[in-house]
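Keep the structure in view as you read.

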Amino acid sequence: MKPRGFDKPLYILPFDHRGSFETKMFGWKEPLTEQQTAEIAAAKRVIYDGFRKAVADGVDKDKAGILVDEQFGAEILRDAAAEGHLFACPAEKSGQDEFDFEYEAEFAEHIEKFHPTFCKVLVRYNPEGDAKINQAQAERLKRLSDYLQEAERSLFMFELLVPAEKAQLNELNGDKKAYDHELRPRLMEWAIEELQNAGVEPDVWKIEGLDRREDCEAMMRTARQNGRDTVGCIILGRGEDEKQVREWLKTAASVKGFIGFAVGRTDFWDPLMDMRAGEISREEAVTRIADRYREFVGVFEAAQSGRDH
């Protein structure tokens, strides 16, 4: 089965982070109390309100979307559906090196509970990594891919991370920037092709930033090969600083098929931390998140406009 594809503009504000909120933002460990869960949910509501403010302030509602988890964001998911926003929900367990379903055999019931625009997975897959783990991941992902195509409701969004293997870093004397620049683009293409051959058919690939236009072009050729003509790609922020994210957005936007981005922590982390420290009000945090999100939409659209003219 070929993917249905999604090739319209898509600007995602993702805040489906779970482990990093618990440990890095709040300094807590599982199991959480009801009060702790409520506090994280309240922090995520600040991000959602920032998104809603950005849309109210001029970001095109038809192009804007959120990505939030059921654990801390069930009310937000329901609200986004009621307000007619594009929204995505993750299917993976948080913080694991190997992909598995958050709700195991009941994954389909949890997707059907919200009927998100996109069902999203985050997968760490290096084609030169452990072959057994890669095969096990691909089998689970094919199961999800088949289910989504048969259900014909939610589209399939695939966040591909290609972490460096030790031997690959050793080749580059441990230089992670050299890995990102020289090795990762080729490995990403290879990973996409392996997953396609295993019957995994995302409608949107959510991929790590690329420094060179030619790497973005090669990625699109791979994502759209063999009749997958409407598959889209979006660039993720990786929690990088604003300057780096801007460069990745400009590079991606210059290539047809890159339809947008998913930038989260760069938008919301500092405003939330400042709010929690009592340095700014909730309203100020909402405004800062909205402004940064709108700014990235502007960067992407300006670069895309340059491509189209």
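Cys 233 is buried, with a relative accessible area of 0%. Cys 89 also counts as buried, at 8% relative accessibility. This is a predicted model.

| Cys 89 | Cys 119 | 7.3 Å |

Next, the nonpolar cores. In soluble globular proteins, nonpolar side chains tend to be buried together. Here the largest nonpolar core has 89 residues. Leu 144, Phe 158, Leu 160, Trp 205, Phe 258 and Tyr 293 have the most contacts inside it. Helix H11 (residues 282-308) supplies the largest share of this core, ten residues. Another core lies apart from it and has 13 residues, including Phe 118, Met 157, Ile 234 and Ala 262.

Look at Phe 158. Beyond four places away in sequence, Phe 158 touches residues including Val 121, Leu 141, Leu 195, Pro 202 and Trp 205.

Last, a helix pair. The axes of helix H2 (residues 34-56) and helix H3 (residues 70-83) come within 7 Å and cross at roughly 30 degrees. Angles under 35 degrees count as roughly parallel, so H2 and H3 are roughly parallel to each other. Their crossing is right-handed. Among the residues in contact are Ile 40 and Tyr 48 of H2, and Phe 72 and Ile 76 of H3.

Conventions: Residues are numbered from 1 along each chain as its sequence is written. This is a predicted model: local features need pLDDT of at least 70, side-chain atom pairs count only at pLDDT 80 or more; totals for chains, interfaces and linings use all residues. Side-chain values use heavy atoms; hydrogens and water are left out. A nonpolar core is a set of buried Ala, Val, Leu, Ile, Met, Phe, Trp, Tyr and Cys residues joined through side-chain atoms within 4.5 Å. Buried means under 20% relative accessible area, exposed over 50%, partly exposed in between (1.4 Å probe, protein chains only). Helices (H or I, at least four residues) and strands (E, at least two) are DSSP runs, numbered from the N terminus. Contact means heavy atoms within 4.5 Å. A disulfide is a pair of cysteine sulfur atoms within 2.5 Å. Axes are lines fitted to C-alpha atoms, for helices over the stretch in contact, and angles run from 0 to 180 degrees between N-to-C directions. Angles under 35 degrees count as roughly parallel, over 145 as roughly antiparallel, 65 to 115 as roughly perpendicular and the rest as oblique. A crossing is left-handed if the near helix is turned anticlockwise from the far one by less than a right angle, and right-handed if clockwise.
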